[in-house]
Amino acid sequence: MMMRNYDIEGLLRRKNSIIKKSVGLDYDSFEYDGIGFDYEKMMESTGYSFADIQRLQDGSMVGRTPLLELKNITRYARKYAPRGYGARIFLKDEATNLSGSFKARRAAISVHKAKELGYEGVIAATSGNYGAAVAALAAKHGLKCIVVQECFDSAGLAQPEILEKARACEAYGAEVVQLSVGPELFFTYLDLLDETGYFNASLYSPYGIMGIETLGHEIATEMKEKYGKYPEVVVVTNAGGGNLTGTARGIRRAGGKDTAIYAASVNLEGLHMASDKDFNRKSFTTGHTGFGLPFATNPDRTDVPRSAGRPMRYIDRYFTVNQGSVFFATEMLAVLEGLERGPAGNTSLAVAFKLAQEMKEDEFIVVQETEYTGAGKHHQPQLSFAKKNGIEIRFGKPEAEIPGENIVLPKSARDISLKELDLDRIRSSYLKRYRDQSLTDEDYRYLADELRVDTEKIKALLKEMKA
Amino acid sequence: MLGEGNGSMLIKKGAYVRIRKNILPPGKRAKGIPEDTTKVPFKCWIKGRLLEEGELYEEARIQTATGRVVTGEIKEVEPRHKHSYGDHVDEILTMRETILREAWGDDDEKL
């Protein structure tokens with residue numbers, strides 16, 4: 001019987017064999033003896049070179065999106081910067097990709113791989129843009145597609161943004177499986193992989209991450225060719241870590257060794273992601289700290305044994321911004337630059353607007369994505385949905401925003417403010433699970449690579465934790 | 001697609017419907033999840049064409065877009081999209097006015 005009432009224990013016991021069958025990669029072959037694994041070996045295991053990835057994306061009408069200079073927004077930011085400050089703000093208009101977001105870059109590679117390996121269909125677990133991307137690319141390759149969404153709370157309410165994504169997936173011919181709030185989504189996902197034998201188009205496979213490398217590569221190459229230098233800063237909206245990882249790898253690949261990679265997430269501190277009550281008290285379904293922090297401190301909490309998205313290997317600085325400031329940035333992009341784009345993609349824009357003011361005026365800061373906008377996926381339905389759910393919308397200082405209680409819109413662009421996260425605290429939470437373990441030299445070297453510090457620093461952080 | 005039959009509302013075979021299925025009852029939810037979530041069932045909603053005549057809120061089989069056959073309770077016939085551009089939000093208009101005034105006006109903090 002299809003969609004049986006599965007038993008969680010049974011699925012967990014068979015988890016590894018189901019996953020192995022569904023990704024076409026033998027993750028065991030990357031494992032070290034101790035805690036770590038060979039990340040670069042895994043990234044090279046796809047059988048695709050960077051040139052292959054570019055060719056596959058070109059063939060799918062994905063990538064090579066415009067890099068736009070936001071002259072009016074730069075001018076606006078400079079009003080609040082000291083004389084001689086206010087970096088030039090650029091934006092990579094990823095909304096122009098097939099299906100409307102950078103996620104098409106990931107899907108192009110995953111779906112191609114599925115086709116090449118002879119799978120009949122693909123499955124992805126996502127309530128976001130990735131669903132539409134996989135559905136669109138599956139349509140193009142003539143494969144079947146199932147998208148599994150965490151969608152409704154127990155009152156039957158769903159974020160308008162998620163409903164829009166379901167509609168888009170259906171429009172591309174996919175089957176959408178909508179679920180209640182809760183981490184059991186993973187079991188449904190396993191059950192469906194098991195039932196259908198489809199390819200697991202995981203967001204976190206090496207295919208998915210390699211697909212984003214072109215994004216970083218395009219930014220670095222185009223800036224260098226047009227302006228004679230790599231950008232000083234690229235700001236990346238961070239959730240599961242794949243966007244940041246792929247972009248950073250692509251920039252490095254293109255030669256942008258000194259470009260700083262800044263992560264940006266919407267601050268949703270205090271809201272529990274698996275809580276039925278909290279689910280609809282947030283106005284962002286991605287790009288927020290509820291994903292950004294857990295995935296930074298434990299990247300392998302995904303639907304594959306080892307995630308290819310490992311943000312802490314690349315982050316130079318990590319900023320959070322409140323929901324109200326992102327809505328303000330969304331409005332700014334529309335009325336000053338004529339670009340109506342979806343709010344979640346503008347998280348990094350809100351951050352860049354503020355950071356540009358601390359940078360010199362001959363420096364470059366790049367906002368690395370935009371996403372499409374449409375019914376549901378727009379600040380007006382998102383704010384009216386929040387109001388209906390009892391969230392207070394008001395003007396004030398963004399620092400006063402309490403996620404789940406209110407949304408504080410800045411009353412002036414001057415008031416947009418950021419919070420910088422302490423990377424050592426994130427590193428310590430990553431290391432917590434090794435606190436009582438005796439580690440080998442190889443383990444320490446692995447952790448040093450994972451957290452982008454030296455082994456002495458790892459030892460010091462662990463020691464500090466024990467004290 | 002709703003038809004009359006023996007006093008109850010029959011839904012014709014082939015109608016496009018949304019079904020609901022309970023997957024886990026409240027007591028059987030995964031371990032370690034927030035308490036509020038453990039108190040509610042874990043459910044699933046899928047759309048497809050009815051494989052046989054059915055009745056609203058009764059169990060029926062559907063065929064989904066990928067061709068899978070799924071059983072569940074019929075929740076909705078010819079389900080409509082309920083999301084939109086939302087109600088007027090005056091705060092957005094106020095932000096717009098602020099942005100245009102600040103960006104194009106001459107109030108420069110350095111002057």
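## Strand pairing between the chains

Strand 5 of chain A and strand 4 (residues 42-50) of chain B pair in the antiparallel sense over two bridges. Strands here are DSSP runs of E with at least two residues, helices are DSSP runs of H or I with at least four residues, and both are numbered from the N terminus. Two strands pair if DSSP finds at least two bridges between them. Leu179(A) has Cys44(B) as its bridge partner in strand 4 of chain B. Strands of a sheet pair through backbone hydrogen bonds, either parallel or antiparallel.

This is a predicted model, in which local features need pLDDT of at least 70 and side-chain atom pairs count only at pLDDT 80 or more, while totals for chains, interfaces and linings use all residues. Residues are numbered from 1 along each chain as its sequence is written, and chains are lettered from A and ligands numbered from 1 in the order in which they are written.

## Strands of chain B

Strand 4 of chain B also pairs within its own chain: strand 3 (residues 16-24) of chain B joins it in the antiparallel sense over eight bridges. In this pairing, Gly48(B) of strand 4 is the bridge partner of Val17(B). Strand 3 of chain B also pairs with strand 7 (residues 69-77) of chain B, in the antiparallel sense and over four bridges. There, Val17(B) has Val77(B) as its bridge partner.

## The interface of chains A and B

In total, 54 residues of chain A are in contact with 42 residues of chain B; a contact requires that the C-beta atoms of two residues, placed from the backbone, lie within 7 Å. On the side of chain A that touches chain B, the elements giving two or more residues are helix 4 (71-78), strand 4 (144-152), helix 7 (160-171), strand 5 (175-180), helix 12 (323-337) and helix 14 (379-388) of chain A. Helix 14 of chain A gives the most to this side, with six residues.

By class, the residues on the side of chain A that touches chain B are 26 nonpolar, 17 polar and eleven charged. Ala, Val, Leu, Ile, Met, Phe, Trp, Tyr, Cys and Pro count as nonpolar, Asp, Glu, Lys and Arg as charged, and the others, Gly among them, as polar.

## Overall form and domains of chain A

Chain A has 17 helices and 13 strands. Its C-alpha atoms fill a box of roughly 65 × 50 × 50 Å along the principal axes. For 467 residues, a compact globule would have a radius of gyration near 23 Å, and the 21 Å of chain A agrees with this. The radius is taken over C-alpha atoms, and the globule rule is 2.2 Å times the number of residues to the power 0.38.

The domain assignment of chain A gives domain 1 (57-99 + 209-421) and domain 2 (423-466); such bounds come from an automatic or database domain assignment. The centres of domain 1 and domain 2 of chain A, taken over C-alpha atoms, are separated by 29 Å. Ten residues from domain 1 of chain A and eight residues from domain 2 of chain A take part in the contact. Helix 11 of chain A gives the most to the side of domain 1 that touches domain 2, with three residues.

## The open sheet of chain A

Seven strands of chain A form an open sheet with mixed pairing, in the order 1-2-10-7-8-9-13. Its edge strands are strand 1 (67-69) and strand 13 (418-421) of chain A, each pairing on one side only. Strand 7 (residues 233-237) and strand 8 (residues 260-266) of chain A run parallel and are joined by five bridges. Val235(A) has Tyr262(A) as its bridge partner in strand 8 of chain A.

Helix 9 (residues 206-227) of chain A packs on the sheet, touching strand 1, strand 2 (88-92), strand 7 and strand 10 (364-367) of chain A, and its direction makes about 145 degrees with that of strand 10. Axes are lines fitted to C-alpha atoms, for helices over the stretch in contact, and angles run from 0 to 180 degrees between N-to-C directions.

## Helix packing around helix 15

Helix 11 (residues 289-297) and helix 15 (residues 423-431) of chain A pack at an angle of about 60 degrees, with their axes 8 Å apart. That makes helix 11 of chain A oblique to helix 15 of chain A; angles under 35 degrees count as roughly parallel, over 145 as roughly antiparallel, 65 to 115 as roughly perpendicular and the rest as oblique. Leu293(A), Ala296(A) and Thr297(A) in helix 11 meet Ile426(A), Ser429(A) and Tyr430(A) in helix 15.

The axes of helix 15 and helix 17 (residues 455-466) of chain A come within 10 Å and cross at roughly 75 degrees. Helix 15 of chain A is therefore roughly perpendicular to helix 17 of chain A.
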